[in-house]
Amino acid sequence: MSYLEHFGLEREAFSNAPDARFYFDSVQHGQALVRLKRVVDANKGLAVLVGGIGSGKTTLARRLLDGLDPQLYESSLLVMVHSGVTSDWLLTRIALQLGVRQPETERLALIRQLYDRLLEIDGQGRRAVVLIDEAQMLQTRPLMEEFRGLLNLEIPGKKLLNLLFFGLPELEDCLRLDEPLAQRVALRYYLRPLSEEETLAYIKHRLRVAGAASMVFSAAAVAQIYRYSTGVPRLINTLCDNSLFEAFLQHQTVVSPTLVEAVAGDLGLTPQLLAAGQQAVAQHLSKIESLLARLEQRRGS
């Protein structure tokens, strides 16, 4: 008997692999989707979603992409896997994803191709949008300047391309490489960890999607999961998955808080380390918010 059969599950409930079936519509995730969708529908140009490691940025990006009707949007998702990309590579990749056939190798010719394609999309009554995941990998000024140039592809009264950045807090440092681009951000939204109440709802949701007939974590176990994960979805998944497997090995039908503590110890998680990390993230976000306030004052002066 596998541990899935032991708990009456049809599939793994807490895999960290992206899976749209397990999308958890928390209040903040729902608000993020609404705001990002508005940026696209209003052709506002550039939006930024920032979150810590494991906060659900990629899941949110894929959820948004899946919700964009191809009849109304020409959309794509570009994942930055390393920081060594060049401006030419980036421009070519975006052109391909927006439907440019046989992109030119000469830069100005390629930009002309892209502009013509964007005009074609607009003429069809659709909106063009490119989602950039792991955008903190864009660590050079030329890349930021390239994005600013893309936002200049417009017609009177309308932008032809919308860019949505998803990344770690370091993304703000990347944007500051080109301040004119940073000032064009129409929306900034920050994903924060789940609350303890949301953590419980998240665990129940994933178990339900996986086919569980009942809650297999005790209330005290959930409290421990929140304590060690601080509400970060990826850590919640890791703790829950390992706890279920350990419970299976010990022939337990309900996960206990003692078992969660043992799993957290094996993973090297301690409340002290997590609290320090959470405080560092909070301090970083505070600095970002102060910077935004200064930018707004400068813009208004």
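A residue counts as buried when its relative accessible area is under 20%, as exposed when that area is over 50%, and as partly exposed in between, with a 1.4 Å probe and protein chains only. What you're looking at is a predicted model, where local features need pLDDT of at least 70 and side-chain atom pairs count only at pLDDT 80 or more, while totals for chains, interfaces and linings use all residues. Residues are numbered from 1 along each chain as its sequence is written, and side-chain values use heavy atoms, with hydrogens and water left out.

**Nonpolar cores**
- A nonpolar core here is a set of buried Ala, Val, Leu, Ile, Met, Phe, Trp, Tyr and Cys residues joined through side-chain atoms within 4.5 Å.
- The largest such core has 39 residues, and the members touching the most others are Leu114, Leu118, Ile132, Leu138, Phe147, Phe165 and Leu175.
- Take Leu118: beyond its neighbours within four places in sequence, it is in contact with Leu98, Ala128, Leu153, Leu160 and Leu161 (contact means heavy atoms within 4.5 Å).
- There's also a second, separate core of 31 residues, with Tyr3, Val222, Ile225 and Ala247 among them.
- As background, nonpolar side chains tend to be buried together in soluble globular proteins.

**Two positive phi angles**
- Gln102 sits in the loop between helix H4 (87-97) and helix H5 (107-123), and its phi is near 50°, a positive value in a residue other than glycine.
- His251 isn't a glycine either, yet has a positive phi of about 60°.
- You'll find His251 in the loop between H11 and helix H12 (257-266), and it is exposed, with a relative accessible area of 68%.

**Cysteines**
- The structure holds zero disulfides, a disulfide being a pair of cysteine sulfur atoms within 2.5 Å.
- Cys174 counts as buried at 5% relative accessibility, and Cys240 is buried at 0%.

Methods: Helices (H or I, at least four residues) and strands (E, at least two) are DSSP runs, numbered from the N terminus.
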